[in-house]
Amino acid sequence: RGLGFNEIHSYIWYDDDWLKKLNFDPGKCIEPCNPATSTTTRLRQTLMPSMLAAVELNRHHFDTLRLLDLGGTFFTEGKKSKEQRHLALALAVNRKKAEDALFADMKSVISSYARQVLDFPVDFHAPASADRLPWEHEQKTADLVIASLPRRVDVSLVSSSANQSQLALLSSTRRSTLPFHS
């Protein structure tokens, strides 16, 4: 429960039905030889869809959620398959007009993490790419630079369709990783 987060453990594959709801196409993915079901045929490249599923499942039962997922993501480099460890964080509250507070809280959590665990400062910059993923907020998305090494890590805000829940997210979604010590 570091920094008040509860750790979750999610599956290493995408659920195609959930990806459709998110309007997210991850592109070409590694496919397991024996998938668990007909809708779980691709290994994940980002933790964010499963993090959003966990928030959706739990947001009606709690006024505040602070979730952490540290798990494997899978890529191919040439003909080799590779696994990378990624970190995803979610802050969610069941109230309107909490975007600025959540974004500031997430930035504070990331800064604390970078200082305490990595012993490096972190800087937040406007996204280098105009390409946004479905869960990224138009104005409240940032790229992180830790120890002068740019990393595409999304710090984004999302509003639910009912516009009563607010959510701040952190995930390394574009093949970059937020370094961590285990």
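Below are worked exercises on a predicted model.

Residues are numbered from 1 along each chain as its sequence is written. In this prediction, local features need pLDDT of at least 70 and side-chain atom pairs count only at pLDDT 80 or more, while totals for chains, interfaces and linings use all residues; side-chain values use heavy atoms, with hydrogens and water left out.

**Exercise 1. The overall layout**

Task: State how many helices and strands the protein has, and give their pattern along the sequence.

Solution: 
- Start with the terms: helices (H or I, at least four residues) and strands (E, at least two) are DSSP runs, numbered from the N terminus.
- Count them: there are 3 helices and 7 strands.
- Read along the sequence: the pattern is β-α-α-β-β-α-β-β-β-β.
- Of the contacts with a separation of 6 or more, 58% join residues 24 or more positions apart.

**Exercise 2. The nonpolar cores**

Solution: 
- Of the 182 residues, 47% are buried.
- Define the core: a set of buried Ala, Val, Leu, Ile, Met, Phe, Trp, Tyr and Cys residues joined through side-chain atoms within 4.5 Å.
- List members: the largest core has 20 residues, and those with the most contacts inside it include Leu22, Met51 and Trp135.
- Helix 2 gives the most, with 5 residues.
- Look elsewhere: another core, of 16 residues, lies apart from it, with Leu91, Met106, Ala114 and Leu144 among its members.

**Exercise 3. The aromatic pairs**

Task: Classify the 2 aromatic pairs of the structure.

Solution: 
- Use the rule: rings of Phe, Tyr and Trp (its six-membered ring) pair if their centres lie within 6.5 Å; planes under 30 degrees apart are stacked, over 60 edge-to-face, and the rest tilted.
- Take tyrosine 11 and tryptophan 13: their ring centres are 4.8 Å apart and their planes at 10 degrees, so this pair is stacked. Tyrosine 11 is exposed at 59% relative accessibility, and tryptophan 13 is partly exposed at 26%.
- Take tyrosine 14 and phenylalanine 24: with 6.3 Å between centres and 75 degrees between planes, this pair is edge-to-face.

**Exercise 4. Arginine 66**

Task: Describe the surroundings of arginine 66.

Solution: 
- Locate it: arginine 66 lies in strand 2 (residues 64-77).
- Check polar contacts (N or O atoms within 3.5 Å; within protein, one must be able to donate a hydrogen and the other to accept it, and residues adjacent in sequence count only if both atoms are side-chain atoms). The side chain of arginine 66 makes one with the side chain of aspartate 105, at 2.9 Å.
- Check rings: a charge sits over a ring if NZ of Lys or CZ of Arg is within 6 Å of the ring centre and within 35 degrees of the ring normal. Arginine 66 lies over the face of phenylalanine 5, at 4.7 Å from the ring centre.
- Beyond four places in sequence, the residues touched by arginine 66 include Leu3, Ala90 and Val109.

Key:
Contact means heavy atoms within 4.5 Å. Buried means under 20% relative accessible area, exposed over 50%, partly exposed in between (1.4 Å probe, protein chains only).
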